[in-house]
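Visitor: I'd like to learn how to read a few features of a model. Could you take me through some?

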Amino acid sequence: MKMEIRPLLMCFALCVVYATSKPTEKKDRAHHDAPLSSKEHDDGTNFDYDHDAFLGENEAKTFDDLTPEESKNRLGKIVDKIDADEDGFVTEAELKAWIKKAQKKYIYDNVERQWKDFDMNNDGMISWDEYKNVTYGTYLDDPESDDGYNYKQMMARDERRFKMADGNGDHIADKEEFTAFLHPEEYEHMKDIVVLETMEDIDKNGDGFIDLKEYIGDMYNHEDEMDEPEWVATEREQFSEFRDKNKDGKMDKDETMDWILPADYDHAEAEAKHLVYESDTNKDGKLTKEEILNKYDLFVGSQATDFGEALVRHDEF
């Protein structure tokens, strides 16, 4: 059965946005990494922040009642998964990758929810044809239909992004590639497509740049005749002083990337360094399973500690 998912979702999203947003509200296209935890990072008081960072804030709450032995046992199984090259050591890089994955669990959950809708032949992969037929089936059946959407352009844009996410070029996406397709802002090799799509959305005169009028016009709805809110004037200054680095009156690709994908402070890297520093008994710059288990209460909690919650369900990672 062919379905038409993307346009319906897009229509719903647009309706929600325009029904709930006000002309004075600011639209922000910049992508920022969220903090690893809402809690204060104070190891002198407790390790709650570290537990949230290591497991993800929601998952850290799920093992409040583990005994220390149960906690260590589960942690040991997680350590085996963190050790990606299976050399018996956990490096800062492996720990950083794990923390990032734990923090992005909601993204992987979202992909899991959508996966069955697109994997029509249940082979564990999603081909471009499967995605195209599910998303644009109605349009493909009747290309001449006109309901206000430019499906041909939308489909071409999706195919371009799909090809970028498809690392081996076989027009078939595994789960990681499909995740990159749905959430390109989370992947280094997809950043160019995020910038390109953003520029296409904002660049109304088609000159390949974003000028001040286009920049403000994307953020601020001018339809209602009223005085501009103060933040609009601030954004004009931001454009002139910081966005337009070469002062030519417009933003090019590199300047747009600096705006929407800023090089933020890397919370995951900082936490990985912290965990290694606190646990690395022999100071060789990497951790053994024994070193981690000896400091288990830094990574996870248990009944025996006053330091908050513990461990993620290991089978969910």
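Visitor: Which residues does lysine 132 touch, not counting residues up to four places away in sequence?

Guide: Contact means heavy atoms within 4.5 Å. By that rule, lysine 132 touches Gly137, Leu140 and Met155. Lysine 132 sits in helix H6 (residues 128-141); helices (H or I, at least four residues) and strands (E, at least two) are DSSP runs, numbered from the N terminus. A word on the basis: this is a predicted model, where local features need pLDDT of at least 70 and side-chain atom pairs count only at pLDDT 80 or more, while totals for chains, interfaces and linings use all residues. Residues are numbered from 1 along each chain as its sequence is written, and side-chain values use heavy atoms, with hydrogens and water left out.

Visitor: How far is the C-alpha atom of lysine 132 from that of aspartate 158?

Guide: The two are separated by 8.7 Å, though they lie 26 residues apart along the chain.

Visitor: And which residues of helix H10 are buried?

Guide: Buried means under 20% relative accessible area (1.4 Å probe, protein chains only). In H10 (residues 212-219), these are Glu214, Tyr215, Ile216, Asp218 and Met219. Their cover includes helix H9 (191-202), strand E3 (210-211), helix H11 (230-243), strand E4 (250-251) and helix H12 (253-260).

Visitor: What is found at the start of H10?

Guide: There, a side-chain oxygen of aspartate 211 comes to within 3.2 Å of the backbone nitrogen of lysine 213.

Note on methods. Buried means under 20% relative accessible area, exposed over 50%, partly exposed in between (1.4 Å probe, protein chains only). A polar contact is a pair of N or O atoms within 3.5 Å; within protein, one must be able to donate a hydrogen and the other to accept it, and residues adjacent in sequence count only if both atoms are side-chain atoms.
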